[in-house]
Amino acid sequence: MCCLGCSLSRSRAPYYFPWILVATLFGAFFFYNFISQKVPFLVLKGIAIGLLIAIGCQKALMHGVPFVSIILCGVLTATVGGMVIDALSLHRAAVFSQAHWFATALIIGSLVFYGLTITTHFYIATVGATLTAAVLYVTSALRNWPSPTWPKEDKDMSA
């Protein structure tokens, strides 16, 4: 089977799967109370969307697509990944429920990743994009910043 010209990977070492199961069960039993708090959840989600940005942008860079497509791949990968995180954690999807800087954090994180990737090393770009997206997302959620709006745009978008 083929996905964007790449073959799907298969694990050559199936003994990893029991360890993944053990780690998941350990996390579910011992870290549930920690993760159910607001700030740790936001921080871990911010880190996750930052890493998803890096995955989407890097995949687009590997295929040599134009600049706008690289940013779009990073944003779309992190948006869908964020929706999956919210669904698995029984939260309403941030894309639909929050007026915080979620999309802005994704766009700025993708731009940081692209800028650092073409000037420095991949791992530096990943850390930079992850920190940028996580800090912007967590800060906007904790301080309840409204999303950016167009000039003369009505503040009530519920219509």
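This is a predicted model: local features need pLDDT of at least 70, side-chain atom pairs count only at pLDDT 80 or more; totals for chains, interfaces and linings use all residues.

Reader: What share of the residues of the protein counts as buried?

Author: A residue is buried when its relative accessible area is under 20%. The protein has 159 residues, and the share of them that counts as buried is 28%.

Reader: What share of the contacts with a separation of 6 or more joins residues 24 or more positions apart?

Author: Contact means heavy atoms within 4.5 Å. Among contacts with a separation of 6 or more, the share from residues 24 or more positions apart is 70%.

Reader: Which helix supplies the largest share of the lining of the largest pocket?

Author: The largest pocket has a volume of about 370 Å³ and is lined by 13 residues, with Y32, I35, S36, F41 and S89 nearest its centre. Helix 1 (16-30), helix 2 (32-35) and helix 3 (38-62) each give at least two residues to this lining. The largest share is four residues, and it comes from helix 3.

Reader: How many residues of that lining are nonpolar, polar and charged?

Author: Tyr, Ile and Phe count as nonpolar, whereas Asp, Glu, Lys and Arg count as charged. Sorted by class, the lining of the largest pocket has one charged, four polar and eight nonpolar residues.

Reader: How many disulfides does a search of the whole structure find?

Author: The search finds zero disulfides. C57 is in none, and the nearest cysteine sulfur, that of C73, is 7.6 Å away. A disulfide needs two cysteine sulfur atoms within 2.5 Å, so the sulfur of C73 is too far from that of C57 for a bond. The number found is therefore zero.

Reader: Is C73 buried or partly exposed?

Author: C57 has 0% relative accessibility and counts as buried. C73 has a relative accessible area of 32%.

Reader: How far apart are the end C-alpha atoms of helix 7?

Author: Helix 7 covers residues 122-142, which is 21 residues. At 1.5 Å a residue the helix should span 30 Å. The distance between its end C-alpha atoms agrees with this, at 30 Å.

Reader: Which residue just after helix 7 takes a positive phi?

Author: The buried residues of helix 7 include A125, G128, L136 and A141. Just after the helix, a positive phi of about 55° is taken by N144.

Reader: Which residues does T130 contact, leaving aside its neighbours within four places in sequence?

Author: T130 is in helix 7. At 9% relative accessibility, T130 counts as buried. Leaving aside those neighbours, its contacts are G46, I47, G50 and L51.

Reader: Which residues does T132 touch, not counting those up to four places away in sequence?

Author: T132 is also in helix 7, but at 25% relative accessibility T132 counts as partly exposed. T132 and L106 are 26 residues apart in sequence, and their C-alpha atoms are 9.1 Å apart. Not counting residues up to four places away, T132 touches I108 and V112.

Key: Residues are numbered from 1 along each chain as its sequence is written. Side-chain values use heavy atoms; hydrogens and water are left out. On a 1 Å grid over the protein atoms alone, a cavity is a set of points where a 1.4 Å probe fits but cannot get out, and a pocket is an open set with protein on both sides within 12 Å along at least five of seven lines; lining residues have an atom within 4 Å of a point. Grid points are joined across faces, edges and corners, and a volume is the space filled by probe spheres set on the points. Buried means under 20% relative accessible area, exposed over 50%, partly exposed in between (1.4 Å probe, protein chains only). The expected span of a helix is 1.5 Å times one less than its number of residues.
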